[in-house]
Amino acid sequence: MNGQTMQNNTRTRAMLLEAGDNIIVATGDIEEGTQLLEHGITVNHQTPQGHKIAIRNIQSGAPILKFGTVIGYAAQNIARGDWLHSHNIRFDAVDKDYAFARDYKPTAILPKAERARFMGIRRANGQVGTRNYIGLFVTVNCSATVARKIGNYFDEERMEAWENVDGVIPFIHDSGCGMELTGEPMDLLRRTLAGYIRHPNMAGAVVLSLGCERNNLAQFFEEQGLAEGKMLKTITMQHVGGTARAIADGKDAVKEMLAQANEVRREPCSAEHITIGMQCGGSDGLSGLSANPGLGAAADILVRNGGTAILSETPEIFGVEHLLTRRARTADVGAKLVERMDWWLEYTKGRDTQINGVVSPGNQAGGLANVLEKSLGGAKKSGSTGLMEVYRYAEPVTQEGLVFMDTPGFDPVSATGQIAGGANLICFTTGRGSCFGSYPSPTIKLASNTPMYTQMRDDMDINCGTVIDGEQSIEELGQTIFEHILAVASGSYSKSEAMGVGEEEFAPWPIGVTG
């Protein structure tokens, strides 16, 4: 980002992102009649923070360029100084040259001795966790109350006896029956549950079932290669005598696990064992200028240290997916991404969804005219390294470096897939102020602008508005974020984690037919 800053005598500011752009972005509210002297224009309309202003006349039908990329077309003749938004920017298809793997360059990975380190939790299978939880899982919603009551029993006061265990968390979902016995919906649910059960942040797990559900417990374990043991127990309500007995048995099972779970100790571990899931929600027009590229810079640092960064939210890269396919490690990797995008376009055909142009009211208020503009900003989270692999929802992520996981754009569902895939931290950018959290992997929230960060500092971990304010470069912000990743991975609480936010955000993708 070139990020040239313009000022007038009232210190109103806007940013030109690339020399060839025909718009600038307001970094604060700009009053009608304000002169932006550096470009010799007068602002013709009151323009909110994050919104766009034309810096030259744009003919009807001509492309609107932001970061040198088409984000739509002029719906009418637009004059210099005009406010641009969904009222005068037309959403339309953009020609894309996928150029598979054309721009791929291998990343220079630091030697092991030079890689950053954090205080992690080593598991017997070689995985490294950032947290130490015992999970309560349900095969079907019919056993949700049992899981919830067991979890409530192990409250903060009782857990003082096991100071090295972060908590006992119920992971509740609304599915498991009234669905197809086989096929993609069942595959997604089972893959997600198994990913959490095996997660490096999970010391142990109790899996609760009713007994007659379609997501049959025995079939689930067999299909996913799970087996009962000292740290993985199962309880079936219909077999043990009902709700009360299942709750009592569940408490006993957790108590048996707590002593062993409490034996863990943190020790220095290489940053190569950190896998972050990257999310953005409640985005605004500044997200793509500060928080998202800042997170991309941090992802680049993590990748150079041997770690892994998962980009997701497939509908929210629509229109700019060619910028990723060009960086793909191979043509096959790039083709996987296009195949997933084609699936989404077919799945959403004729529906009132984001991929078909219209973003949420909050995104629009924040300055994003359509999904192309949102995608352009969202893709900035990917940084600059090669795209190494593409995964389906909740598949185990085994490839180091920058990877992509196919998920919806809805943050809880998307982050759930990333965690199931192995993300032991979530990094979440927001411009409007999303109050998201997650278990068992803590969420770090990154605010795109200083006013929102100041207003919501109890929820926001890092103020990325320092870039907009001219106090930090993108590279400096990336280093700040990376250092915070190491600190949270070492056990420091994120803001959402300190408030206990995240239990309700477990949300496996509910795709498919029910009945």
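This is a predicted model: local features need pLDDT of at least 70, side-chain atom pairs count only at pLDDT 80 or more; totals for chains, interfaces and linings use all residues.
Ala, Val, Leu, Ile, Met, Phe, Trp, Tyr, Cys and Pro are counted here as nonpolar, Asp, Glu, Lys and Arg as charged, and the others, Gly among them, as polar. On this basis, the lining of the second largest pocket comprises 11 nonpolar, four polar and seven charged residues.

The volume of the second largest pocket is about 600 Å³. It is lined by 22 residues, of which E156, M159, D166, G167 and Y493 are the closest to its centre. Two or more lining residues are contributed by each of α1 (144-153), β14 (167-171) and α15 (495-498). Strand β14 provides the largest share of this lining, with four residues.

The largest pocket has a volume of about 1,100 Å³. Its lining consists of 43 residues, and those closest to the pocket centre are N125, Q127, R198, H199 and P200. At least two residues of this lining are supplied by each of α2, β15 (202-209), α5 (243-261) and α11. The class composition of the lining is 18 nonpolar, 18 polar and seven charged residues.

Two of the helices that contribute to the largest pocket, α2 and α11, also pack against one another. Packed helices are described in general by the angle between their axes and the distance between the axes. For helix α2 (residues 184-197) and helix α11 (residues 411-421), the angle is about 55° and the axes are 7 Å apart. Helix α2 is therefore oblique to α11. The crossing of α2 past α11 is left-handed. On the α2 side the contact involves T192, G195 and Y196, and on the α11 side A415, T416, I419 and A420. Four of the residues in this contact are nonpolar and three are polar, with no charged residue present.

Helix α2 also meets helix α3 (residues 217-224), with axes that come within 10 Å and cross at roughly 70°. This angle makes α2 roughly perpendicular to α3. The contact is formed by D187, R190, R191, L193, A194 and I197 of α2, together with Q219, F220, E223 and Q224 of α3. Four nonpolar, two polar and four charged residues make up the contact of α2 with α3.

Helix α6 takes part through P293, G294, L295, A297, A298, I301 and L302, and helix α14 through I474, L477, G478, Q479, I481 and F482. In terms of class, the contact of α6 with α14 has 10 nonpolar and three polar residues, and no charged residues.

A search of the whole structure returned two cavities of 30 Å³ or more. The largest cavity has a volume of about 70 Å³. Among its 14 lining residues, G288, L368, E373, K374 and G377 are the closest to its centre. Helix α10 (residues 371-378) accounts for the largest share of the lining, with five residues. The lining of the largest cavity is made up of three nonpolar, seven polar and four charged residues.

The second largest cavity holds about 40 Å³ of space. It is lined by Y196, A415, T416, I419, F436, G437, S438, Y439, G502, E505 and F506. Of these, Y196, A415, T416 and I419 also take part in the contact between α2 and α11. Helix α11 gives the largest share of this lining, three residues. The lining of the second largest cavity contains six nonpolar, four polar and one charged residues.

Two features of the backbone were also identified. Most residues other than glycine have a negative phi, and most peptide bonds are trans. The peptide bond from Y439 to P440 is cis, with omega near -5°. P440 is located in the loop between β22 (425-430) and β23 (443-447), and Y439 is one of the residues that line the second largest cavity. At A99, a residue other than glycine, phi takes a positive value near 40°. A99 belongs to the loop between β10 (89-90) and β11 (117-122).

Terms used
Residues are numbered from 1 along each chain as its sequence is written. Side-chain values use heavy atoms; hydrogens and water are left out. Axes are lines fitted to C-alpha atoms, for helices over the stretch in contact, and angles run from 0 to 180 degrees between N-to-C directions. Angles under 35 degrees count as roughly parallel, over 145 as roughly antiparallel, 65 to 115 as roughly perpendicular and the rest as oblique. A crossing is left-handed if the near helix is turned anticlockwise from the far one by less than a right angle, and right-handed if clockwise. Contact means heavy atoms within 4.5 Å. On a 1 Å grid over the protein atoms alone, a cavity is a set of points where a 1.4 Å probe fits but cannot get out, and a pocket is an open set with protein on both sides within 12 Å along at least five of seven lines; lining residues have an atom within 4 Å of a point. Grid points are joined across faces, edges and corners, and a volume is the space filled by probe spheres set on the points.
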